[in-house]
Every structure is written in structure tokens, then in C-alpha cells.
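Subject: Structure for you to look through

Dear colleague,

I am passing on a structure that I would like you to open alongside this message. Please keep the viewer at hand while you read.

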Amino acid sequence: MSRSPSLPDSPKLDIDAEMGPDERLAALTEHFRDVRRVHEELHDQLDAARARRDEIEADVDQLERENETLKTSSLYIATAEELTDDGIVLKQHGNNQEVLTEASDAIRDRLDAGDRVAVNDSFSIKSTLDPETDSRAQAMEVSESPTVTYDDIGGLAEQIREVREAVEQPLIEADRFVEVGVEPPSGVLLHGPPGTGKTMLAKAVANETDATFIKMAGSELVQKFIGEGARLVRDLFELAAEHEPAVIFIDEIDAIAAKRTESKTSGDAEVQRTMMQLLSEMDGFEDRGEIRIVAATNRFDMLDRALLRPGRFDRLIEVPKPDPEGRKRIFEIHTREMNLANDVDLAALADSVEEVSGADIRAICTEAGMFAIREDRTQVTERDFREAIAKLESESDDVGTPVAFY
Ligand SMILES: Nc1ncnc2c1ncn2[C@@H]1O[C@H](COP(=O)(O)OP(=O)(O)OP(=O)(O)O)[C@@H](O)[C@H]1O
């Protein structure tokens, strides 16, 4: 800032009693001239000061406006992926750019990996955001690392091989697909009776590829989140982009993608909109990077064929009920942690139950364990299994054997 100019000296009147009238008049005239000169100088200084004040006021206005814009300017949303000693690894939503940034101790203290934060242009964290409590969070089950492994799945060796080829390889060896010049399958559709391990397969592939598992149930979209289906489908893909690599699992896809002629809700414009949104997300999928989509249905016959076109669910994998060998393996898996008596013959048990699913076998094992607990025993015997089978058979007779949709 420029310094204020120094004030002119006050003029002095040189007059004394010995002066004659002419001399006094001359001195007074001289003094008057000096006073006028000083007055003019002061006047000029005042004008300059006023001009300077106007300039400063204009600067202040400008700074105030800039300050206001800075205060109100939008912040970007990002996810704190990792809190390291070197700083916080952020992934910005939308473009997925990853950066390493710093945060104040106050912010860092209340931040966990996976939290959403608001960042400015230079990626400094301005605030942390509350976990989403909206329908998006309710409608989707997100699991950073599901614990299911291929080893936990019995009797589906061929299906595991196909899922690995269609989902796992494109995720972990994306470059090879580019080198060879083939498009990996966009989506994989698992179809088969309830409780046969479709969800397990999707979880296992997410686990084995260290991908985030994001599940959405088609039936909930149309029953629970009425009017929000299309938006939730869009959010689902956005969420996956924020958590790459990710496996999107859409369970009961038939609820949003039933053939128009057969669907009870065929007239429902909302269901149609949800399905159109899904198709458009899948069609614009190529540039989505490390996201794979797995869907499941036990009503394959009902599916709108538009869903099965190339570039959409173009890999169909049937997940049937297990054969005797598969049943034995599933019995082994679900009794791994159980204290079995020597008389338990899992192969014989597997042979004696036909038409059961993996979920049924798990229920038999749990029920057999309950019989032992009820009788205060620590070992589970063959008889416990037989009684468990009889009990579950009678229960399924009570509710009626499920109609064979399939
Ligand atoms: N092949 C299998 N091997 C081991 N356990 C199985 C198998 N299939 C099903 N289970 C058991 O049944 C449970 C339910 O299976 P899962 O949810 O994967 O079936 P699903 O095919 O997705 O069923 P739905 O069509 O009803 O959603 C699993 O958590 C697991 O305990």
C-alpha cells in the first residue's frame, strides 16, 4: 500500500512591531499567498486520498465477492479408500481419479476407510459426510470382502469354472482380453432352482478377485422402493464405479425383467422403466472398467429375451440341484465344523435325499445339530440326521412342495 504524502509545513507570518505599513502589507500579502498555496496543496492531497479510497473500496468489493464465491463454491464427493501414514488415498466419484491428500487431525480422527468426504478443487478434505441412510443404502448390500470361497461351494465345479472364466479372468487379466482383442462377457446370468448356490458363486468370485460385492434384489426394487427403481439401478452402477473392482449381483432379476406377456406386472410402467435403465446401463458398460455383473433367477422361462442379447447377459450358466456326489460334498462342507459320531455316513445320507438343494442340506445339518443340543450331547449322530431329514420333509409337505417352476 502507498504511504500517505507528507503534509506541507504551515506558512509563517514574518511580521514585527518595527515594520512600517508598506512592509507589513507586503508581509501579509506574502503570507496570504503561502496560505493559498498550502491550501491548494492540501486540496490536491485530499483529492488524491479520495481517489485512493475509491480504488481501495472497489478492491474490497471485488475481494468480498471472490470470498463469497469461494465460500459457496461446490465441493466434490470422494471416498476415503485408505488411511496411510503418508496421507489419505481418495477416489473421486464420477471420474474415479485417485489422489493422495492430507487432512486435519480433527477430520482424520473421525474418518474410516470407505467413508465419503467432500473435497475442494485441490482435493483437500473439507468435511466428512454422514453414512447414507437413504434408500440407496437400504436397497444395496455392499460387502468389501465377502468371505465365501470356491471351496465352500459343493458340486458346482463346472459352474465355478465358467464363472471364473467369465467374471474372474476379465477382472484380473483385463490386459489379456485387450491383447487378444476379444470383449469379455458383459454379464453372467445364473439360473436354477432356489438355494442352489447362485449367490454363493457371485460372492466367491468377488472374494477371489478382491472385488467389492454389491447386491441388489430385483423383487425389492419393485415391491419396496416403488418409484425409485430406475434411480436405484443408476445408483447401483455408480456405486460399483466408486468401488472398482466390483461385482454387481442382481438377485431375482426376473422381478424387473419379466416377459411383457407373462408378467403379472407387465402393465407396470415403473417396472419397465427400471428394466430400461438396467439395459441402458449395460449397453453403456464397455467404458466402465473393472465392474462385472452377475444376475440370478429361478424363473429363467419368464425372462424378457431383450436381456439376453449380446453385450448384456450373454453368458448363461445353469446352476442345478446337486447330484449325489455334489450332495455328499455339500454335506461335508456343512459338517466341517461339527462334531460327528463315527456312525455318520455322509455318502449314504447324500444318497437318501433326492431333489434337495444346497440350502436344504445346510438346513438338515443345522437341524441335526439342534437335535444333539436338545439331548445335551456333544456329538451329532446318524439318527440326528435321519430325524432332521424327516422333520424337514414333513415341514415341506405342510407348506406344499414348491411348484416346479423350473
Ligand atoms: N452348492 C452349495 N454348496 C454349499 N452350500 C450351499 C450350496 N448351495 C446352497 N448352499 C447353502 O445354502 C445357502 C443359500 O444358498 P444361495 O443363497 O447361494 O442360493 P441361491 O441359489 O442364491 O438361492 P436363491 O435363488 O433362493 O437366492 C448358502 O448360504 C449355503 O449355506
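Below is what was found, starting with how to read the numbers.

This is a predicted model, in which local features need pLDDT of at least 70 and side-chain atom pairs count only at pLDDT 80 or more, while totals for chains, interfaces and linings use all residues. Residues are numbered from 1 along each chain as its sequence is written.

The nonpolar cores

A nonpolar core here is a set of buried Ala, Val, Leu, Ile, Met, Phe, Trp, Tyr and Cys residues joined through C-beta atoms within 7 Å. A residue is called buried if 20 or more other C-beta atoms lie within 10 Å of its own, exposed if 12 or fewer, and partly exposed in between, with the C-beta atoms placed from the backbone. The largest core has 57 residues, and the members that touch the most others are Leu201, Leu236, Val247 and Ile248. Helix α8 (residues 229–242) gives the largest share of this core, seven residues; helices (H or I, at least four residues) and strands (E, at least two) are DSSP runs, numbered from the N terminus. Apart from this core lies another one of 15 residues, including Leu340, Leu349, Ile361 and Ala388.

Leaving out residues up to four places away in sequence, Leu236 touches Met140, Ile214, Met216 and Ile248, where contact means that the two C-beta atoms, placed from the backbone, lie within 7 Å.

Around the ligand

The ligand is surrounded by 19 residues, and the closest are Gly197, Lys198, Thr199, Gly358 and Ala359; a residue counts as near if its C-beta atom, placed from the backbone, lies within 6 Å of the molecule. Two or more residues of this shell come from each of α6 (198–208), α10 (324–334) and α12 (358–374). Because domain 3 (136–318) and domain 4 (324–398) both give residues to the shell, the ligand lies between them; the domain bounds come from an automatic or database domain assignment.

The unreviewed UniProt entry lists Gly195, Thr196, Gly197, Lys198, Thr199, Met200 and His334 under "binding site", although such annotations may be inferred rather than shown by experiment. Gly197 is placed in the loop between β7 (187–191) and α6, and it counts as buried because it has 28 C-beta neighbours inside 10 Å. Beyond its neighbours within four places in sequence, Gly197 touches Ile153, Leu156, Val319 and Gly358. His334 lies in helix α10 and is buried, with 21 other C-beta atoms within 10 Å. With residues up to four places away in sequence left aside, His334 is in contact with Ile361, Arg362 and Cys365.

Backbone details to check

Most residues other than glycine have a negative phi, and most peptide bonds are trans. The peptide bond from Glu244 to Pro245, however, is cis, with omega near -10 degrees, and Pro245 sits in the loop between α8 and β9 (246–251). Asp210, which is not a glycine, has a positive phi of about 55 degrees; this residue is in the loop between α6 and β8 (212–217) and is exposed, with 11 C-beta neighbours inside 10 Å. Glu355, also not a glycine, has a positive phi of about 60 degrees, lies in the loop between α11 (346–352) and α12, and is exposed, with 10 other C-beta atoms within 10 Å.

With best wishes
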